[in-house]
Amino acid sequence: MRGQEARKQAGRKALMATLAHAEADEIARLWNEAGLPSEAELLRGPETGLVTVRGRIGGGGAPFNVGEATVTRATVRLPSGQVGHSYALGRDKGKARLAAIADALWQDAAHREAVETKLAAPLRAALDAARETRRVETAATKVDFFTMVRGED
Amino acid sequence: MYVAVKGGEAAIANAHRLLADRRRGDRSVPALRLDQIVEQLALGVDRVMSEGSLYDRELAALAVVQARGDMIEAIFLVRAYRTTLPRFGYTNPVDTGAMQVERRISATYKDLPGGQVLGPTFDYTHRLLDPELAAGAEVETPAQRPVEPETMPRVSAILAHEGLIEADGEMPLDHVPGDITREPLQFPMARDIRLQALSRGDEGFLLALGYSTQRGYARNHPFVGEIRIGEVELELDVPELPFAVPLGSIRVTECQMVNQFKGSAKAPPQFTRGYGLVFGQSERKAMAMALCDRALRASELGEDVVAAAQDEEFVISHSDNVQATGFVEHLKLPHYVDFQAELGLVRRMRAEYEARENEDRAAEEKREAAE
């Protein structure tokens, strides 16, 4: 039971991570294509505020405050009762509202499959592809050292 | 008696209208869009985010345009904007070891795991102006090298096991990180608070101080253990969710400076460290920050404090360019009453001085006549 709950939380968190990284236009486009319901009551926000970003001294030591970042969040309730939350860097309120609805829909067994396959999966594929492109472009700038052989042997 | 003087409203309104016109410039030239600035003046945007202490590319780009490219004015605008927003909390500390690396170099180890990855660097360019860029020439797409992903542990983690390099900076377990945006500066300050001040500090000021340590004012034998640039994930603990909520990622630059240290009464001979972490891609700033961090640890490591870069109160009190420009630039605001008062004082002192001179001269003449 506990394992199942942990898996569920991991799935929900993964969706939130995907939505936080995704572009607002892309979320809206896929939303319309999938025909996901967008009716929801706003319980909080969408509102923009600040989070203070923390780092660690030396990379792994004690925490310190680096600076702030804008974050926009929203909380919604579906007509069926599920409450969804969203948080993401930036100031896009439309994205915050849709992401909160997606979180609420995901918690509804009737909609989870659609949210996963029609929204999260294509967003994730696009994000992964972009990340992979950046990675191999970076890898092309890796230095291959070679040794110049000098002397007799 | 002081009589309040009012005036200048019309002049000020017209000056701001003129500013808007000059900012826009020649109307036959297309107006800049924010996405052009974000994409093509990215390092300028990064500097505004870093010293404005607010990670938001679009806002930083807007500030750059509004300030007509004056970086310190743009930083000022961003700082002012921050104060209008509510705070949602402190993120969990970022894990730079899990960074999606876009550049990573070490000047101390050639063959470190993950290798030397140059990324989009100005290093090794010839610093010749490029007329093709002015002509708007098309740019090649980047080369790709499809290799297996490699982990890139921080160089400090690789070096640690020999025991010849000090550990990442620790604080007592119950230490709550200080926040200079909430509490006024107090000296002496803990290293975590210093690092927050340095991370938002003026790049030019920190660069000059870092340079001064290299030239012998608090020499501390630095090596770049590692510089890495890339995106790190942010997560925030919130009461409404049973897990840390992912916020997306930000680009940061981290510098691990490694400094040879011959030992003191307080610490054995070893490599000590200075640390730099800043928003965006800015290795000059991260390096300068790390040099200053190390220099400012002089007392902690039992070194003599002999130079400006080691003087915490001097460095931290003057590193903030918004405060600095505020105090310097306020001098141009009307000081009519102050100046009138000072003028009166100087007139009186001058009259007294001249009266003394005359007396002395008269006494001198009298003496000469007597001789």
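In what sense do strand β1 of chain A and β2(B) pair, and over how many bridges? The first view below takes this up. This is a predicted model, in which local features need pLDDT of at least 70, side-chain atom pairs count only at pLDDT 80 or more, and totals for chains, interfaces and linings use all residues. Residues are numbered from 1 along each chain as its sequence is written, while chains are lettered from A and ligands numbered from 1 in the order in which they are written.

**View 1. A strand of chain A pairs with a strand of chain B.** Strand β1 (residues 41–56) of chain A and β2(B) run in the parallel sense, over three bridges. Two strands pair if DSSP finds at least two bridges between them. V51(A) has G89(B) as its bridge partner in β2(B). Strands (E, at least two residues) and helices (H or I, at least four) are DSSP runs, numbered from the N terminus.

**View 2. Chain B touches chain A.** Chain B gives 66 residues to the contact, and chain A gives 48 residues. Residues are in contact if their C-beta atoms, placed from the backbone, lie within 7 Å. Elements of chain B that each supply at least two residues to its side include β2 (87–90), α8 (191–199) and β4 (222–236). The largest share, eight residues, comes from β5(B). The side of chain B holds 31 nonpolar, 19 polar and 16 charged residues. Here Ala, Val, Leu, Ile, Met, Phe, Trp, Tyr, Cys and Pro count as nonpolar, Asp, Glu, Lys and Arg as charged, and the others, Gly among them, as polar.

**View 3. Helices α3 and α5 of chain B cross.** Their axes come within 8 Å and cross at roughly 50°. Axes are lines fitted to C-alpha atoms, for helices over the stretch in contact, and angles run from 0 to 180 degrees between N-to-C directions. That angle makes α3(B) oblique to α5(B). Angles under 35 degrees count as roughly parallel, over 145 as roughly antiparallel, 65 to 115 as roughly perpendicular and the rest as oblique. Among the contact residues are G44(B) and R47(B) of α3(B), and M71(B) and A74(B) of α5(B). The contact has five nonpolar, two polar and three charged residues.

**View 4. Two domains of chain B meet.** Chain B is assigned domain 1 (10–82) and domain 2 (96–120 + 149–326), with bounds from an automatic or database domain assignment. Their centres, taken over C-alpha atoms, are 29 Å apart. In the contact, 12 residues of domain 1 meet 13 residues of domain 2. On the domain 1 side, α3(B) gives the largest share, six residues.
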